[in-house]
Amino acid sequence: MNSRQPIPVVVLAGFLGSGKTTVLNHLLAGRGGTRIGVVVNDFGSIEVDAMSVAGQVGDSMVSLGGGCLCCAVDGSELDAYLEKLSAPVHRIDVIVIEASGLAEPQEMIRMLMASENPDIRYGGMVEVVDAAEFDATRARHPETDRHLAVADLVVLNKTDRVDATERARIERELAVLCAPGTPIVGADHGRIDPELLFDRRPWTETRGQLSFEDLLAESDGHGHGRDGCGHAHAAYESTEFTTEQALSPRRFIDFLDRRPAGLYRIKGFVHFGVPGYDERYEVHAVGRFLRFAPSPWGRGEARVSRLVLIGSGTDGPGLLRELEACREPAPHEARPESMWCVLRYVARPESESEPGIEPEAEPEPSDEG
């Protein structure tokens, strides 16, 4: 029985030219000691994107050529690649699938949700949008609207190529096209903070274990990024919350449901203390994607809830006040059904439901493509 936590699998999507590979390269360059497995899905026989990232992840990269992942590679083949990357010998922390510009992200999400591999879990879908070509892309690819509707986080890339008025217009349109509450992160040259998607480990934990890590660390300029842009995380704020009191599942879910669009990521673990549900509930949110994972408390481990909230333009003290209001002084008196609102976000492999995706937010399948 494998006691490891499942590895999150993040889908990085966007149409050709949006800057997906640039975003991926930036994530790899700023990953610290985090071990990233990469699945590069190129459309066509010349895998230019694969070659551009191959030198950064060594033998942890799997390249799928000759077609679109969602239609040319079946689920069993994808599972085989993910099984290879999630093998304990690689000690991978997170897997990123860079989808073909012609891929259907909704189908990829379904494939990941249907995977029977206990070592992985779906970690959210990030859609990269070209700000300078936004209107042209929508005209050329009407399915853009459908892709945006299932995104958990949108990266509005190439914002340096549009003025403030144009950027504001695009952001207003994206807010309409995306599901309510979907965060929109502005970026130029694909520079976003890796902490928005996954935890970074110190170099000392894994340094030198992947083929190109030492070389990459030297070229990184001591944490300033390969392009010398400085720390991307300077644009984000981090708020930490700790309490020894149990949280009300209903009030906590209400808080998560109304979280502001500028709150990009939430991570940590929660103690609810409801009879029959005394486990430690890890919480992971990227944009509007939300997942809980229950696990036993360690021997002698204090029943404490600890959360880190990462965002931009958020009201830290206000968020803390809202979380304080979620505390429950008498969890032992709560009825077991009060946990249902949490359990809908717990992965159940045998269930036909898709935890983590709001049913009303997912558009009906289309005959396009």
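Modeller: Take helix α8, whose buried residues pack against α6 (134-140), α7 (144-149), β6 (153-157) and β7 (184-186). Packing here rests on contacts, meaning heavy atoms within 4.5 Å. Helices (H or I, at least four residues) and strands (E, at least two) are DSSP runs, numbered from the N terminus.

A word on the source: this is a predicted model, where local features need pLDDT of at least 70, side-chain atom pairs count only at pLDDT 80 or more, and totals for chains, interfaces and linings use all residues. Residues are numbered from 1 along each chain as its sequence is written, and side-chain values use heavy atoms, with hydrogens and water left out.

Start with the helix itself. Helix α8 has 14 residues, 164-177. At 1.5 Å a residue they should span 20 Å, and the end C-alpha atoms are 20 Å apart, which agrees. The expected span is 1.5 Å times one less than the number of residues.

Which residues of α8 are buried? They are I170, L174 and L177. Buried means under 20% relative accessible area, exposed over 50%, and partly exposed in between (1.4 Å probe, protein chains only).

Now the start of α8. There, a side-chain oxygen of D163 comes to within 3.3 Å of the backbone nitrogen of T165. The pair is judged as a polar contact: N or O atoms within 3.5 Å, where within protein one must be able to donate a hydrogen and the other to accept it, and residues adjacent in sequence count only if both atoms are side-chain atoms.

Next, strand β6. Five of its five residues are buried. L153, V155 and N157 point one way, and V154 and L156 the other way. In a regular strand the side chains alternate between the two faces of the sheet.

β6 has parallel partners. Five bridges join it to β5 (residues 120-130), with E127 bridged to V154. Three bridges join β6 to β7, and V155 stands opposite V185 there. Strands pair if DSSP finds at least two bridges between them.

Finally, β6, α8 and β7 make a right-handed β-α-β unit. Right-handed means that, with the strands pointing away from the viewer, the path from the first strand over the helix to the second runs clockwise.
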